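Work through these exercises with the structure open beside you. Try each task before you read its solution.

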Amino acid sequence: MDANKNDGRIKTAIDNSLSYMHLSEARIQIILSEAKGEKPMKRKLSLVLVLVIVIMLVSVAALAAVLLWEDKAKEIKDIEMAQGYYAEWQSGDKINLVRILVEMGLIEKSGDVDELLDGKLSDKDAHSVADTLLVNLTGSRIENVSLVEITETLWGSVYTWTEEQAAWWQQNIYLREFDSIPLDREIYLVPDETAIPRQQAIDTAKQALLDAFELPGDYFDTANVTTAFFTTHEDTSIHYWEVILRIDGTPDYPNEISYCTLVDSKTGEITQNKTLGIPTPAERVAMRDYVPSSSYDAFETALEEMQDKYEPLPVDRLYKQFEYWTLEDKAEFSKNIVPLINEAVEQGDAEEIGYYWLAPASFVYGVPSADAITQDDAKEIADKAILDKFGISADILGLYQNVRVYYDITSPDTPLWKFLYGTLGVDSYDALPKNQQPILYKVEINAYTSDIVACYEMIRGTQFQSLDTYKTMY
Amino acid sequence: MLSGMDKDEQVEIWVRRYSDGLLRVCYVYLRDVGLAEDAVQDTFMKAYRKIDEQERYGGAYEKTWLMRIAINTCKDYLRWSWFRYVDRRKEIERLEAAADASPEDSLITLEIMRLPFKLKEVIMLYYYQEMTLREIASALGVSISAVAKRLNKAKDALKHMLSDEGGVVE
């Protein structure tokens, strides 16, 4: 590769592709205003302003406004879902939004506003006036104005929302758009009487961090604290206080340093959640000090050599992933790489290796012998098995274009063809009926007898919860 | 104060000089213009608060320093659970591109955005921000050899689409 030429090409490509992207003058003015200590014009609310809003919330008028917003936000979400972000709305919907915001006192009445609300403006002028009002309100570019942006002008940044606001949003707005909360995401709750107080959770998290990291006692005294309260799909009986402590950086590390800690809201004890990727402070220290074994290094080197055989496939974007290796390479994985994985696991590297490699390492892969039915024949049987068992149409099954295939010889006398059916890219996923989208299919066929050994459906994401469930992907 | 300027003047110069570059880097991380603007805004506010430290850090390296703040701000955005909760990132395939960008330009940019996080950031800093290995190492808080290793990996990952003739390999 001609380094100089390609250096230039990358810069030129990014410049050309993102040339439309400039920081808006409105945003620049916000930054300069904040920097000069003036009251921010819009958008980013200072801590003082957030506190003012919280205090306001106790007043009857403000409470009414919040309730009004909660009511109207659902209507706005419906329009967003039907028409897209604000910029794409029809003028009538934009006028209705302005009317709501005027009622709530977020937009001041003026001559232009009156004309807009009275329907005295042409369609073009109505768009123009409404757009200007929303840009001024949110401080965003018009194409980015959305329900979230508008709500942030009322509630402050999403990072500062209260537990009640988070739970309300998820239940009323998020679930309005999506059928369910993803399995690896938090289910936000309002703390109930069984929960320890927020401050107790913060104090517990601070102390655990001080102990684990051996920090001076006053280390978090000036920390910026945010919290969330949630449960997860894994076990809804466990409720978590999530405490995020952020402290100023140092000259060498000028950013804030974030510490995210979970506290069991019922026992008041420090805990962790692997699905969310949040360890305890002690585990975090262990991770910081962890040094992989030489076996792990050998595993990584062997893996890189194998992956380097694969050119990226820009069309279907199946870049170097194990699932798309050839049957021969999967067999080589079982023969040469799995022993290295096993050695590394014995030396304490299981966590570093992760389920993604531990799961396929629990099977032995091979290539079909002459006695086995062919992959094409097996796939035909698998297709038919799904159609017969689940009663979906061939057209629907045809959208499952991402079929991962394995030849499993863990039991040499009963080798299995295994097929995992998924979609390829967002287009085929979007084309599926909504009730079909969460579903994957798995079929296993005896390669000697053509018998269907297993045929079942799986819900996307459920596989990642444990090693045993992860194995169903392979 | 820096070079006899007051802090406000210094921030204004930074905003005018670096905001677009920072915005594009943040966009590649966050895949959302609004979030990228937030990140740039936060970057300048953090920079403002630490302007005196920057002078001690070495005023000549202000771009590296700002980039370091911006990158870590983006990483914080990605890490915070709130971000997971109100996730406004777009699918890579649905990102906007400038109307006058060629398909090849768009493809290269998209391929860069698809790279793993650690590779994407060195590509952006080395090729796009034209920072030296030493500057990148300083911005990311890693060794120069680690940067060089990541850069080589990133080049390997990209070479499939950048042929010696400068065309796109299909």
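**Exercise 1. Across the strands**

Which residue in E9(A) does Glu444(A) stand opposite? Find the partner, then describe the pairing around it.

*Solution.* 
Step 1. Bear in mind that this model is predicted.
Step 2. Glu444(A) faces Ala454(A) in E9(A).
Step 3. Look at the two strands. E8 of chain A covers residues 439-446, and E9 of chain A covers residues 452-459. They run antiparallel, joined by seven bridges.
Step 4. Follow the chain from one strand to the other. The hairpin of E8(A) and E9(A) has five residues between the strands. In this hairpin, Ser450(A) has a positive phi near 70°.
Step 5. Now turn to E7 of chain A, residues 416-422. E7 pairs with E8(A) over six bridges, again in the antiparallel sense. Here Lys418(A) stands opposite Glu444(A) in E8(A).

**Exercise 2. Buried or exposed?**

Is Thr267(A) buried or exposed? Locate the residue, then apply the cut-off.

*Solution.* 
Step 1. Thr267(A) lies in the loop between strand E4 (257-264) and strand E5 (270-271) of chain A.
Step 2. Count the surroundings. Thr267(A) has 10 other C-beta atoms within 10 Å.
Step 3. Apply the rule: a residue with 12 or fewer counts as exposed. Therefore Thr267(A) is exposed.
Step 4. Check a distance. His239(A) is 28 residues from Thr267(A) along the chain, and their C-alpha atoms are separated by 9.8 Å.

**Exercise 3. Two helices in chain B**

Describe how H8(B) and H9(B) pack, and sort the residues of their contact.

*Solution.* 
Step 1. Start with the chain. Chain B has nine helices and zero strands.
Step 2. Take the pair. H8 of chain B spans residues 133-140, and H9 of chain B spans residues 144-158. They pack at an angle of about 105°, with axes 8 Å apart.
Step 3. Angles of 65 to 115 degrees count as roughly perpendicular. H8(B) and H9(B) are therefore roughly perpendicular to each other.
Step 4. List the contact. H8(B) contributes Leu133(B), Arg134(B), Ile136(B), Ala137(B) and Leu140(B). H9(B) contributes Ile144(B), Val147(B) and Ala148(B).
Step 5. Sort these residues: seven are nonpolar, none is polar and one is charged.

**Exercise 4. Where to be careful**

Which stretches of chain B keep a pLDDT under 50?

*Solution.* 
Step 1. Begin with the average. Chain B averages a pLDDT of 70, and 67% of its residues score at least 70.
Step 2. One stretch under 50 is residues 89-94 of chain B, with 12 contacts beyond four places in sequence.
Step 3. Another is residues 163-170 of chain B, with 10 such contacts.

Conventions. Residues numbered from 1 in each chain as written. Chains lettered and ligands numbered in written order. Predicted model: local features only at pLDDT ≥ 70, side-chain atom pairs only at ≥ 80, totals over all residues. Pairing = 2+ DSSP bridges. Helix = DSSP H or I, 4+ residues; strand = E, 2+ residues; numbered from the N terminus. Axes fitted to C-alpha atoms, helices over the stretch in contact; angles between N-to-C directions. Parallel < 35°, antiparallel > 145°, perpendicular 65-115°, else oblique. Contact = placed C-beta atoms within 7 Å. Nonpolar A, V, L, I, M, F, W, Y, C, P; charged D, E, K, R; others polar. pLDDT = per-residue confidence, 0-100. Buried ≥ 20, exposed ≤ 12 C-beta atoms within 10 Å, placed from the backbone.
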